[in-house]
Amino acid sequence: MPSTKFKAEKPSSDGPRYPTEDIKQGPFSFGPCGFLFNQIPRESAKSLKRLLYPEMYTESSTTKLTQDDDTVIDASWIEAQLQHYGIQYHPDIGPFKAKALLLTSLSHGLCDTVPPQVLKVRTLLEEKFKAALNDYDTKYAAYQSQLLPMRIHKFKACGTPAEEAKCDASLFLRKRFLDENGNPAMTKTPDVLLLPGFTDKHQTLTRMVERVPALHIAFGDIVAIGWNRKKVNDLAVRINKDYKISHDDFTAPSDPDRQMMDHHVLTANIRKDRKKLIATTLKSRELEALNAFDPGSDTAGCYIIKADSIAATWAQLSDNMTLRMIHPGRLAVFDLGIIAGMMVLGRSTTAVAKRIERGNWSNEDEGTDSDSDNTDTSPNTTLTATGTGPPPSKRQKLDHARRLHFRWRGYNTVSANIMVEKGGWLEFTNEVATAFEGRIEVELLDGECGFRGFRVPGAAGQLTMDWDELSG
């Protein structure tokens, strides 16, 4: 069982500062945004072809990637790409000759790999930046240990569980629901705990609870928290049925009819806004981009989940099933009643594997086309050695243009046991990506389970789970 570790809610301004400045070596730098040359990232060979040969990419799914070419491709950007790929040139070279050199280098395969001398610089700067992060973690841990006695003294002065949760959510969970190692301790507070007057306005407790296997929280005028999901939800609904329920940013309303009504209203509003954009858009390329499926922006938000097989087998756990797309098209946190966890998504299984290997949930690896192995977005033409050859015959357009593959890790919400990593997919069923059908591999339901998702109003919230901690 992985330990559940929490940091303080808001570090004091007197504490150590998180390293936000890049580590530099001449014009090269490495920092939170990755490896840069004069603050410009490296583009992959495939991205360079899309940007430098936009006329050869006619598929609507690739148009959006090239619609801002005029603002991206300037002298500084071209110089950065030449430097990233170690391509030698005269310092006084003009912008037109520099672009011609980049085109020639690209067509001859010089941009397929990064040269060793550039990789050496990147490795050196990355190691220094990681050392700075490790130094921060060490100083932050020491700083928090100094604050701990003060936090404990203030926490002990609280008279009720609600006051404890408001004072320090981390200490509250450790006192009521976790053992000394941070693991779930179901015998400490076996019954549902009510927190009258506690609102969790900043979702601090909510995010922490979501990281504790089998622990559940329900919101209303009185917050309920406990190990039995059905009792927690039923108690919250029963207490609040005569009151106006106060939902946090990413908690969907519990009434099924209200949920679907909110979904249909949201879908209608998105379609209305899209029609307005189309009415004011004149360029055909912009229209194609507007109609193209973009998982990086179209899928953002919170979705309610319906799964017939789960409802039939675990009816008491099938209420309020949700999926929150934390980083659209890349990372989601889900609750399917009997299982909960996080998904790493991508346009192909290979892209998902690469994303997991990088382990960078908030930013893509600089200059990398994260879904470069996805054949759904392949162009209808290929580049010759000079980049100007005739296009081959058009490929047959593949199905599943709106499909996202994923790998998931999570836990059994009843036993708190960590589940074995599995896969699955989501396929969005309308042009505004507010509904999807999906399949998830899960041993508890004969190997796999089908489910449907419907987007509802509300923000997705923050990432509350750790991929590494969810490994068995």
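User: A crossing is left-handed if the near helix is turned anticlockwise from the far one by less than a right angle, and right-handed if clockwise. Which way does α6 pass α8 here?

Analyst: α6 passes α8 in a right-handed crossing. Here, helices (H or I, at least four residues) and strands (E, at least two) are DSSP runs numbered from the N terminus. This is a predicted model, where local features need pLDDT of at least 70 and side-chain atom pairs 80 or more, while totals for chains, interfaces and linings use all residues. Residues count from 1 along each chain as its sequence is written, and side-chain values use heavy atoms, without hydrogens or water.

User: Where are those two helices, and at what angle do they pack?

Analyst: Helix α6 covers residues 116-156 and helix α8 covers residues 169-176. They pack at about 70°, with axes 10 Å apart (lines fitted to C-alpha atoms, for helices over the stretch in contact, with angles from 0 to 180 degrees between N-to-C directions). α6 and α8 are therefore roughly perpendicular (65 to 115 degrees; under 35 is roughly parallel, over 145 roughly antiparallel, the rest oblique).

User: And how do α1 and α5 cross?

Analyst: The axes of α1 (residues 45-52) and α5 (residues 95-107) come within 11 Å and cross at roughly 130°, so α1 and α5 are oblique to each other. α1 passes α5 in a left-handed crossing.

User: What's buried in α4?

Analyst: In helix α4 (residues 75-84), the buried residues are W77, I78, A80, Q81, L82 and H84. Buried means under 20% relative accessible area, exposed over 50%, partly exposed in between (1.4 Å probe, protein chains only). Just after α4, G86 has a positive phi of about 65°.

User: New topic: how many aromatic pairs are there?

Analyst: Twelve. Rings of Phe, Tyr and Trp (its six-membered ring) pair if their centres lie within 6.5 Å; planes under 30 degrees apart are stacked, over 60 edge-to-face, the rest tilted. F28 and F35 have ring centres 5.2 Å apart and planes at 5°, so this pair is stacked.

User: Are F28 and F35 buried or exposed?

Analyst: F28 counts as buried at 11% relative accessibility, and F35 is buried too, at 3%. Elsewhere, Y303, F428, F436 and F451 form one aromatic cluster.

User: Which residue lies over the face of W425?

Analyst: R403 does, at 3.8 Å from the ring centre. A charge sits over a ring if NZ of Lys or CZ of Arg is within 6 Å of the ring centre and within 35 degrees of the ring normal.

User: What about the barrel: how many strands?

Analyst: Eight, closed in the order β8-β9-β10-β11-β12-β13-β14-β15 with antiparallel pairing (two strands pair if DSSP finds at least two bridges between them). The twist averages 30° from one strand to the next. Eight bridges join β11 (residues 339-346) to β12 (residues 403-412), and M342 has R409 in β12 as its bridge partner. In β8 (residues 301-306) you'll find G301, which is buried at 11% relative accessible area.

User: And which strands make up the open sheet?

Analyst: The open sheet has three strands, ordered β5-β7-β6, with antiparallel pairing. Its edge strands, β5 (193-196) and β6 (216-218), each pair on one side only. Neighbouring strands of this sheet are turned by 20° on average, direction ignored. Four bridges join β5 to β7 (residues 222-226), and L194 has A224 in β7 as its bridge partner.
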